[in-house]
Amino acid sequence: MRGHPHLRWEDIDEGQKGGRGRGDRGGGEAGGLSAGGTGQGMRFIADRSLGKLSRWLRILGYDTLYWRGDEKELVELAVKEDRVLLTRIVHLMEEKGFKGLLIREDNPFRQLKEVIRAFRLPIKEEALFSRCLECNLPLEKVRAEEVEGEVPEFVLLQHREFSRCPRCQKVFWPGTHYERMRGLIEEVKREIEGDGRETEGKGPSGPTG
Ligand SMILES: [Zn+2]
């Protein structure tokens, strides 16, 4: 199936598509960036059960490799590329030599909050919607004239801002669900910022389960 060459941001809701490759490469040219570090510069690798979480992290601008290959390679890549491993596979966390987080939530959006909390990830306005959801590569801004013929006419009339993935050539624009996604991101921000205040007086909650 070929599908459309363009993609709206809300397509994230469609779940996993394709699945031909074992992993979406990308962002591999980080060069001097201190990968796996902290904050905005953090890079991730997610196991095959975390496709939607991977997309959410990409929406926030985080370099996230979604790995559909086997577990051994998953760990090897985390080490080799200095990526933080995000996984639901308990026994993987027993291996040493890499930074990782065991994801406990089932809902992708809650998983995202787990990751943000665990690493105190900043949500930077300029990083939002800056990365291809499919390929994980940083998008390039393009003008409306440049995407003529590639996106539906009505979209062209309604939008000024487009961006294109340098690899898959998909064109992205803020579609109708874009605002809803922005709303969800704002919700995360508020919740995370409220963490400190809410826990006051309650004391730290112990481990459960
Ligand atoms: Zn792409």
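Reader: Are Cys132 and Cys135 buried or exposed?

Author: Both Cys132 and Cys135 are buried. Buried means under 20% relative accessible area, exposed over 50%, and partly exposed in between, with a 1.4 Å probe and protein chains only. Cys132 has a relative accessibility of 0%, and Cys165 also has a relative accessible area of 0%. Before we go on, a word on the source: this is a predicted model, in which local features need pLDDT of at least 70 and side-chain atom pairs count only at pLDDT 80 or more, while totals for chains, interfaces and linings use all residues. Residues are numbered from 1 along each chain as its sequence is written, and side-chain values use heavy atoms, with hydrogens and water left out.

Reader: Which atoms coordinate the zinc ion?

Author: Donors are N, O and S atoms within 2.8 Å of the metal (3.2 Å for Na, K and Ca); water is not among the atoms, so sites may look incomplete. Here the SG atoms of Cys132, Cys135, Cys165 and Cys168 coordinate the zinc ion at 2.3 Å. Along the sequence, these donor residues follow the spacing C-x2-C-x29-C-x2-C.

Reader: Why is the arrangement around the zinc ion tetrahedral?

Author: Four donors count as tetrahedral if all angles lie between 85 and 135 degrees. The four donor atoms here subtend angles of 105 to 113°, so the arrangement is tetrahedral.

Reader: And how many disulfides are there?

Author: A disulfide is a covalent bond between the sulfur atoms of two cysteines. The rule used here asks for a pair of cysteine sulfur atoms within 2.5 Å, and the count comes to zero.

Reader: How do the elements run from the N terminus on?

Author: Helices (H or I, at least four residues) and strands (E, at least two) are DSSP runs, numbered from the N terminus. The protein has five helices and eight strands, in the order β-β-α-β-α-β-β-α-β-α-β-β-α.

Reader: Which residues of α1 are buried?

Author: They are Gly51, Leu53, Ser54, Arg55, Trp56, Leu57, Arg58 and Ile59. Because eight of its nine residues are buried, α1 is largely enclosed by the rest of the structure. After α1 comes Gly61, with a positive phi near 100°.

Reader: Where do I find positive phi in residues other than glycine, and what about Phe129?

Author: Phe129 has a phi near 55° and belongs to the loop between α3 and β6 (140-142). Its relative accessible area is 8%, so Phe129 is buried. Asn136, in the loop between α3 and β6, has a positive phi of about 75°, and its relative accessibility is 0%.

Reader: Which residues touch the most other members of the largest nonpolar core?

Author: A nonpolar core is a set of buried Ala, Val, Leu, Ile, Met, Phe, Trp, Tyr and Cys residues joined through side-chain atoms within 4.5 Å. In the largest one, of 34 residues, they are Phe44, Leu57, Leu86, Val115, Phe119 and Leu121. At least two residues of this core come from each of β2 (44-46), α1 (51-59), β4 (84-87), α3 (108-119) and α5 (178-199). Another core, of ten residues, lies apart from it and includes Leu65, Trp67, Val75 and Ala78.

Reader: What is Leu86 in contact with, beyond its neighbours within four places in sequence?

Author: Contact means heavy atoms within 4.5 Å. The partners of Leu86 include Phe44, Leu53, Leu57, Ile103, Val115 and Phe119.

Technical notes: Tetrahedral: all angles 85-135°; square planar, octahedral: opposite > 155°, others 65-115°.
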